[in-house]
Amino acid sequence: MPIFDLHTNYTPSGDQQQAIAKLLKSLDAGNKHQTLMGVTGSGKTFTLANVIAQQDRPVLVLSHNKTLAAQLYSELKAFFPNNAVEYFVSYFDYYQPEAYIASTDTYIEKDSAINEEIDRLCLNAMRSLLLRRDVIVVASVSCIYGLGAPEDYRALTLSIHVGMEIDRDEMLSRLVELLFERQDYDFQRGRFRVRGDVVDIYPAQSDGEAIRVEFFGDEIEVISLIDATTGRRREELESYLFFPVKQYVSSPEKRRPAIEAIRAELKQRVAELESQNKMIEAQRIKMRTDYDIELINEIGFCKGVENYSRHLSDRPSGSMPSTLQDYFPADHLTIIDESHATVPQIGGMHAGDRSRKQVLIDHGFRLPSALDNRPLRFDEFIGKQSQLIYASATPSAFEYVNSIPGNSSFIPILKAKRGNTHARSAEASRAIKEAPEDFRGVFYRRLQDVRVPPNPSTSAVADFHPDRLGETLIVEQIIRPTGLLEPIVTLEPLDGQIDRCIELCHERVARRERVLITTLTKRTAEDMTDYLRKLDLRVEYIHADVDAIERVEILRKLRSGVVDILVGINLLREGLDLPEVSLVCILDADKEGFLRNETSLVQTAGRAARHEHGECVLFCDVITESIRAFISESDRRRAIQEAYNKEHGITPRSVTRADQQTLRLYTPDDDEDVDDGASMAAEGDEELISKTKTQLEKEMRAAAARLDFELAALLRDKIKRLT
């Protein structure tokens, strides 16, 4: 019996069935790489959900940004309500890595603001992977960064059961080893409190539920699941398994030899710096490392403990760090969503991280072993995968070339300039010979502009011809289940583009449709938003400075009609599921570059592909190569879709879909909840009032903890209205 239970009222339609069949056939044949080329709105997520449903193994779904990851998490959770669908992205709302600017002698200390809710979701993902196989983890590329080794994380668990003989103080010591903090008054995640023979423990992975352990002498008499805020008992348990509070932990057995290894490296590094007459650097590294050693020795943790990961994990120099990949079994399936953007992001992480750390090492802020706390190199990441499915509306050359039957590793793509075949092959040969063994990146160009080495370890070059595409495992999914066609593409002049854009917005808003506007800079997006607000248009902006949770809330407002227009830069592209959007306006479309290349134009225009009146307006004075290629591909797909609709008598209809679930439980604009609270108080429903107050108090504390005092004040006022 399959371990995944797919819940849906839909059946595969359009060309989804053939895509599902081809992908399953390829996976069953043991092919490592396969690609799903599905146009926007064709139901790639539903196709992949059907593939997942027939896999008896854990699945990793990789996305290149938090907003899309949140959407995928919400959709897959709805498809698989009885399975463990988890969310693993960077848990920082704000992150400033440790750095040193030598030219100005400026040291920038590591600074961050942790999002408690995302941290909980990440820890829950790690826990699920260690306990069960029916797990789907939706992750960003943060999953290729170092974590505590799974064997250490598993070894530090604390298992208790009713009737177990254990001294209360011994259990408290074990909890401290798991990095729980004792706090008798401020009871939050990752803390415990003690009242005589009763110990309340709030697991880091839990959401509002704590564990109460009651002792009778040295015997555990009762284990209960309680409400973390009210202390009300919900049910009695026979046993419970506690996991560590932090993502990075090490066992006491490994800690002692690790400290000796750190001291030995420190001694060697100090001598090396002194021999170079770098006395300040030598003194600096000695003071910093001695302080960290003291903390690791006493409490098992220090700020920046991950920089000592090589010693704490007892790994050789240069070896791969432990990452989320190691929590998966070897046979897991990896799905890379929007692969044209996610794959190069994975490939680019290692070099940037190493460059920053090398400066810190050279100036005495970190030991050389800090280099081993790093993200995976691209070849290491691929090597850890059993099988991969790349999903994109615009696959790059990498996906085309690697999706060849029988290819067991990966083929890097090297850029070659236009010219005669001999010259291009010679240039590619030189590039391969000069490339480092750890392939640092993947160059993306049109297929006629690349040369493919048949093996990453050799310098031979094999010409890649378009007729070889028939050999590749590229599964096309062009027909939408709704019969919708590619959005109409309209060209408008740059002169007066703002006024024309506003005119188009008014037309769509009058029809209760939504609009996306893309600009080239954050400042332009914010200024455009302010200008439109003065014209009484309901508009918001979204860009990288807006945190992950807030992005989801803004998108929900757009879908629900609270907001009619959304202005953005690069986030209004891959994967965003916005069926209400009928118009996409691309300002300055002829400014050729990353934000206005063929892939970007196809992806951005695709946001209007879920509406029967879908249209994309390009404001430009010049028809660039990217615009020409975009229009050509759009026309090709539209012709295939029209022919299919005519043959099967299909009338296009807009997509209808329920609003995406929020990642937080309260939004400040939820006026309906305020009314409900007032009516509850008026009706005297004490039990409902108590439950509501409990939930609001929890959210108020969470908001205050992440320094969102405005939201905390709103929640406080709401609690007062219920009192």
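For the contact itself (heavy atoms within 4.5 Å), select Thr-45, Phe-46 and Ala-49 on H2, then Leu-72, Glu-75, Leu-76 and Phe-79 on H3. By class that gives five nonpolar, one polar and one charged (Ala, Val, Leu, Ile, Met, Phe, Trp, Tyr, Cys and Pro count as nonpolar, Asp, Glu, Lys and Arg as charged, and the others, Gly among them, as polar). The axes of H2 and H3 lie 11 Å apart, at an angle of about 45° (axes are lines fitted to C-alpha atoms, for helices over the stretch in contact, and angles run from 0 to 180 degrees between N-to-C directions). H2 and H3 are therefore oblique to each other (under 35 degrees is roughly parallel, over 145 roughly antiparallel, 65 to 115 roughly perpendicular, and the rest oblique).

A word on what's on screen: this is a predicted model, where local features need pLDDT of at least 70 and side-chain atom pairs count only at pLDDT 80 or more, while totals for chains, interfaces and linings use all residues. Residues are numbered from 1 along each chain as its sequence is written, and side-chain values use heavy atoms, with hydrogens and water left out.

Stay on H2 and bring in H1 (residues 16-28): H1 and H2 (residues 44-53) pack at about 40°, axes 9 Å apart. That makes H1 oblique to H2. H1 passes H2 in a right-handed crossing. On the H1 side, pick Gln-16, Ala-19, Ile-20, Leu-23, Leu-24 and Leu-27; on the H2 side, Phe-46, Thr-47, Asn-50 and Val-51. This contact of H1 with H2 has seven nonpolar, three polar and no charged residues.

Which elements each supply at least two residues to the lining of the second largest cavity? H2, H3 (66-79) and strand S17 (333-337) do, and H2 has the largest share with four residues. (On a 1 Å grid over the protein atoms alone, a cavity is a set of points where a 1.4 Å probe fits but cannot get out, and lining residues have an atom within 4 Å of a point.) Select Thr-45, Leu-48, Ala-49, Ile-52, Val-61, Leu-72, Leu-76, Ile-335 and Asp-337 to see the lining. The volume of this second largest cavity is about 80 Å³ (grid points are joined across faces, edges and corners, and a volume is the space filled by probe spheres set on the points).

Now jump to the largest cavity, at about 90 Å³. Its lining includes Thr-40, Ala-393, Glu-486, Val-602, Phe-630 and Arg-637. H17 (598-605) and H18 (625-648) are the elements giving two or more residues, and H18 gives the most, with four.

Last stop: H17 against H18, whose axes come within 8 Å and cross at roughly 45°. H17 and H18 are therefore oblique to each other. Highlight Glu-598, Leu-601, Val-602 and Ala-605 of H17 with Ser-626, Ile-627, Ala-629, Phe-630 and Arg-637 of H18 to show the contact.

Key. A crossing is left-handed if the near helix is turned anticlockwise from the far one by less than a right angle, and right-handed if clockwise. On a 1 Å grid over the protein atoms alone, a cavity is a set of points where a 1.4 Å probe fits but cannot get out, and a pocket is an open set with protein on both sides within 12 Å along at least five of seven lines; lining residues have an atom within 4 Å of a point.
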